[in-house]
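Please look over the sequence and the structure before reading on.

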Amino acid sequence: MTRLPPRSRKVRILATLGPASDTVEMIRALFVAGADAFRINMSHGAHEDHAARIAAIRGLEKEFNRPTTILGDLQGPKLRVGTFASGLAVLETGMPFVLDRDETPGDARRVNLPHPEIYEALVPETRLLLDDGKLVLRVKTVDDRRIETVVEVGGALSNRKGVNVPDVVVPVPALTDKDRRDLSFALEQDLDWIALSFVQRPEDLAEARKLMGGRGALMAKIEKPSAVQRLEEIIELADGVMVARGDLGVELPPQAVPPLQKQIVATARRMGRPVVVATQMLESMIKAPTPTRAEVSDVATAVYDGADAIMLSAETAAGDWPVEAVAMMDSIAHSVERDPGYFARLHFTETKPDATTADALAEAAGSIVSVVGGSAITCFTSSGSTVRRVARERPLSPILALTPRQDTARKLGLTWGVHAIRTKDIGTFEEMIGKARRMALRHGMAEKGGKIVVLAGVPFGIPGSTNVLHVATIRGDELKGRE
């Protein structure tokens, strides 16, 4: 069994797998370089390909004796125009352009739009964005078969380019038939997180939650302006959120995205949900071995804001430098977290505890390690809720999560500052303290003479019963006769 010490950084790195990273050797290299979790993008590839990647990731679990975390990202509905007689048409600024239900190939005056939900949602003066926002149409009149527009920003438009509708909620379910098949596959493969695309309102989470039936954790991707308007309601119903900046940047002015990113991260932190910042973080490393200074600053900002995880997309899925991209992100995160002002900046976001015993103890644990210099906060947990409460406080010390449940250990791979270990359950107070000391020592999270804060619930093994906080000192001989 290969020994890999716990990550010394708190923020987690989520790496997307794809053609550039689908071998066992490359997935292992990404893990060793710093990837804490892996994203399977269901928009591309066959289930057989995904199954091979998932098996390779789970193989790391056995080799390194560490739970591995996998997120399956569902594609969501894709709104697209139809085709053109010559393959493309040039739309001229200021000229009229029609979208209709006629399937005849289009030209510079009209094209098919095969989505009745869009006709239903649009009203005059709303916008349609085509081809990732490169072209902009302003709606003038609309009925159930025809949308008359004026071209505000023209250009070439080719077959089946995407359509974004930023100004209204489109009554399209967040799950397509493809998504349901992909979700079924993901659950069969025991994926730990499911990311749901095209979330516009809290109700969009309901079907996925029902189909999941308690398996895996549900992450809402915040990529639509309408989702931002009901952000707290969506976060309340989700297990985590992703700031999908690429899609947000299509439907919103670019300058609106940075403050929104901060708002989403801060709201998720206050509500105790893991939050992932995604898209274009080290974009230039798709082709270049080093990032731009602006990209480094962008990653650093997400770390300073206290995001739980930062994500690489095409950089690791299809880029020329996948391992280097992970190593660079790891290096940036380490640099930020060594900044003496890092923790002060983290706590610009207030995370007031709820009026519960568990929240009070989680806050107290963070206070204790800052006063007595605790080496680690050790949490015995079944569901992971105790650990998430502690992580919400962004304590100075790393968090050691001890759980008898493999699924809980894996889900915690996207939670700030957490090193999760699957271990046998405990039965007595003395056993709890002894195991906490041994695990902290064995995994290099404490040394002789160091103090650890231990959190658990009595009676043991009952989820949501956290009611014990204990400070223990490491003697140094806890592992004698146990190696």
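Is Phe-64 buried or exposed? Phe-64 is buried, at a relative accessible area of 6%. The model is predicted, and the points below are grouped by topic.

**Packing of helix 1 and helix 12**

- Helix 1 (residues 24-33) packs with helix 12 (residues 322-337) at an angle of about 15 degrees, and the two axes are 8 Å apart.
- Angles under 35 degrees count as roughly parallel, so helix 1 is roughly parallel to helix 12.
- The crossing of helix 1 past helix 12 is right-handed.
- Helix 1 contributes Met-26, Ala-29, Leu-30 and Ala-33 to the contact, while helix 12 contributes Pro-322, Val-323, Val-326, Ala-327 and Asp-330.
- By class, the residues of this contact are eight nonpolar and one charged, with no polar residue.

**Aromatic pairs**

- The count of aromatic pairs comes to four.
- In the pair of Phe-31 and Phe-64, the ring centres are 5.1 Å apart and the planes stand at 50 degrees, so the pair is tilted.
- Tyr-304 and Tyr-342 make a tilted aromatic pair, at 6.4 Å centre to centre and 55 degrees between the planes.
- This pair also links distant parts of the chain: Tyr-304 lies in helix 10 (residues 293-304) and Tyr-342 in helix 13 (residues 342-346), 38 residues apart.
- Tyr-342 is buried, with a relative accessible area of 0%.
- One aromatic cluster is formed by Tyr-304, Tyr-342, Phe-343 and Trp-416.

**Helix 15**

- Helix 15 (residues 385-392) is mostly covered, as six of its eight residues are buried.
- Those buried residues are Ser-385, Thr-386, Val-387, Val-390, Ala-391 and Arg-392.

**Positive phi in loops**

- Most residues other than glycine have a negative phi.
- Phe-198 is not a glycine, yet its phi is positive, at about 60 degrees.
- The loop that holds Phe-198 runs between strand 12 (193-196) and helix 5 (205-212).
- Phe-198 counts as buried, because its relative accessibility is 8% and the cut-off for buried is under 20%.
- Gln-280, also not a glycine, has a positive phi of about 60 degrees.
- Gln-280 sits in the loop between strand 15 (275-278) and helix 10.
- The relative accessible area of Gln-280 is 46%, which means that this residue is partly exposed.

- Asp-36 is found in the loop that joins helix 1 to strand 2 (37-41).
- Asp-36 is buried, with a relative accessible area of 12%.
- Apart from its neighbours within four places in sequence, Asp-36 is in contact with Arg-7, Arg-9, Val-11, Arg-12, Ile-13, Thr-69 and Gly-413.
- Asp-36 and Glu-233 are 197 residues apart along the chain, and their C-alpha atoms are separated by 29 Å.

Note on methods: Residues numbered from 1 in each chain as written. Predicted model: local features only at pLDDT ≥ 70, side-chain atom pairs only at ≥ 80, totals over all residues. Heavy atoms only, no water. Axes fitted to C-alpha atoms, helices over the stretch in contact; angles between N-to-C directions. Helix = DSSP H or I, 4+ residues; strand = E, 2+ residues; numbered from the N terminus. Parallel < 35°, antiparallel > 145°, perpendicular 65-115°, else oblique. Left-handed = near helix turned anticlockwise from the far one by under 90°. Contact = heavy atoms within 4.5 Å. Nonpolar A, V, L, I, M, F, W, Y, C, P; charged D, E, K, R; others polar. Phe/Tyr/Trp six-rings, centres within 6.5 Å; stacked < 30°, edge-to-face > 60°. Buried < 20%, exposed > 50% of the residue type's maximum accessible area, 1.4 Å probe, protein only.
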